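Let's take a walk through this structure together.

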Amino acid sequence: MSALVLDGLTKRYGPVTAVHGASLRIPHGQFVCLLGPSGCGKTTLLRMIAGLEDPSGGRLVIDGRDITTAPAHTREFGMVFQSLALFPHLTAGENIAYPLRIRGAAKAEQRKRADELLELVRLPGVADRPVSKLSGGQRQRVAIARALALSPKLFLLDEPLSALDAKLREAMQIELKQLQQRLGITTIVVTHDQREAMTMADLVVVMSQGRIHQAAPPMEVYRQPADAFVADFIGMTNLLEGEVTAPGTAAVPGGTLHLPDLPPTGRVLLSVRPEDVIVHPVGTDGPNRLSGTLSFMRDLGASVEFRIDVAGREIVALTRPQDRPPVSPGGALSVEFPPAACVVLPPMAERPQ
Amino acid sequence: MIRRAPRGLAEHAPILFPALMLVVFFVIPFSLMIAVSVFRRVPGGFYEPDLVFANYERFLTAFFGGVMSFSLGLAALVAALSVGIAFPFTYRLVKLSRGAQIRWLVFLLSILSLSEVIIGFAWSTLLSRTAGITNLFVALGLMAEPQSLSPSFGALLAGLVYQAFPYTVLVLYPALARLDPYLEEAARTLGSSPLRAFFTVVVPALRNTIVATTIMVFVFALGSYLLPQLLGRPQHWTLSVLITDQAIYQSNMPFAAAMAVFLVLVSLALVGLALLAGRREETA
């Protein structure tokens, strides 16, 4: 049975709906990232799971027990806040031992557990330091240790790494993932950084405007986006609007493409990643090619980026430097869309708003 | 911003005027008062220059000791009650919407603008037998007949707390507004009920602010001299009332001056303590 089930979880603030009926099953031991632009409702969803916001509708079930209305302090979930929320009047060790103190644990036991946890987050020997004397990265680790002090069933983190500089953030992403794997604890992280989500998550939940667009493993979200929002938000993509004119054939601006997965009729939206678009010199021929003119080109070292004008639309293509065709800006070329790389999405109008 | 000590006359100019005012209106009168406090009183007349400590010796009498300990006790009680009520109040206030906060603060400021005389008479009317709140209790059937609740110690305490409350809220407000609201939520996710989170996290995190505010309200209440006369009985008169009485009605300037010097020194010592507490909070 699933560890955590979100069943139509909704949050309304007056006329504004922050989260629209979020439904999700999270199995035990999964690392889940709630990913989306700011204001998409991901933090509100996390806060409802933590018990810090009352849902306006829907249910929250853990191991078969309904906890929709359970107060936060009875849930026994560990949470790391964006501001870290370390208690300024306590030392690092006292911060970590706070939940044990609240439960009336003996002083010696509190101290032992704090030392254990500091060891776990690789920060031994700082137990007696006031939190104001710790660096950003050290505070981060203390906050993580405090949230894990009671070996919670669920580990929740709200943009935990946003205050760190880029290099430390990368290192902490890997470390957090390793820590989660070692403990096997079900973890939910809120982030707006897709790179962070791709690094850490078993399951990426892409949200926008209060709705879950897709919940899938990172590579599936990248390779098989559920709709235009996901395709566009995760990495770079080319979106082509088209119309099915015959079985397996779609008319797009600048030509026609032959694709196996097309619906029998109607409008479609195609998503093609820049690295999948193949650029050919003009004059060569082949299937699924459109002709255009090169408007801009830049050599990024590891790859070369082309911006090609095809029937008034800009197509972005990335190639390896050794595959670069002999063409200069203003020159004509043809671009190929391999059928396997074209993801067919529902047309724009059907996108949930 | 460049932070360095001002150099030369030009850079010191902005503080020259306030410094001058402080000398003219505080240092000089206070020095005169210290001088007068060691002068000798002329019975039936005024006083003449001398260097006697008889006025200070009178502090050792039981009467003075009684008034002094009552004044300190009353000020301590007012401070404890004001902070005890204002702290939870302000904690709720900073969580309200910006508009609601502004309306509350304007309301509190308008109370601060009331003169002590108006507050005193309003409370004595409110607690009187003929027009007071007990008439409302009688109408509601809670009481058999209207009573006079003033003058009494309770009336005096209510009046002083009422006067000190807006002041206390305004002193606590910045510290509480700056407090990370996630501290309380973090405590809740770690197993504290909201009430327990308030006492184990919010109050200790602001311990020094609370200490400093309590001392400020204490000093504020120590100086009150009108409300004890309007709302209290003679046994509720504070040191400030005694000073007024000696200076104006008994014409014993030297003794009044000695008491005033003493009161100023106690107040300054407590303000010093408050500043010390505030500084510790900043470095923490």
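Predicted model: local features only at pLDDT ≥ 70, side-chain atom pairs only at ≥ 80, totals over all residues.

Side chains of opposite charge can pair when their charged atoms come close. Across all chains, the count of salt bridges comes to 26.

Let's follow one of these pairs. Lys42(A) makes a salt bridge with Glu159(A), and their closest N and O atoms are 3.8 Å apart. Lys42(A) sits in helix α1 (residues 42–50) of chain A, while Glu159(A) is in the loop between β7 and α6 of that chain, so the pair ties together parts that are 117 residues apart in sequence. Are these two partners buried or exposed? Both Lys42(A) and Glu159(A) are buried.

With a relative accessible area of 9%, Glu159(A) falls under the 20% cut-off, so it counts as buried.

Another residue with a positive phi is Ser151(A), also not a glycine, where the angle is near 45°. You'll find Ser151(A) in the loop between α5 (136–148) and β7 (154–158) of chain A. Its relative accessibility is 57%, so Ser151(A) counts as exposed.

Back to the charged pairs. Asp128(A) and Arg111(A) meet through their side chains in a salt bridge, at 2.9 Å from N to O. Asp128(A) is exposed at 58% relative accessibility, whereas Arg111(A), at 39%, is partly exposed.

Next come two strands. Glu241(A) and Arg267(A) form a salt bridge at 3.6 Å, N to O. Glu241(A) lies in strand β11 (residues 238–246) and Arg267(A) in strand β14 (residues 266–272), both of chain A, so this pair ties together parts that are 26 residues apart in sequence. Glu241(A) is partly exposed, with 31% relative accessibility, and Arg267(A) is partly exposed too, at 45%.

Now over to chain B. An unreviewed UniProt entry places the feature "transmembrane region" at several stretches of this chain, including residues 12–39 and 153–176. Residues 12–39 of chain B are 93% helix and 0% strand, with the end C-alpha atoms 38 Å apart. Residues 153–176 of chain B are 100% helix and 0% strand, and there the end C-alpha atoms lie 32 Å apart.

Methods: Residues numbered from 1 in each chain as written. Chains lettered and ligands numbered in written order. Heavy atoms only, no water. UniProt positions renumbered as here; feature names shortened; annotations may be inferred. Helix = DSSP H or I, 4+ residues; strand = E, 2+ residues; numbered from the N terminus. Buried < 20%, exposed > 50% of the residue type's maximum accessible area, 1.4 Å probe, protein only. Salt bridge = Lys/Arg side-chain N within 4 Å of Asp/Glu carboxyl O.
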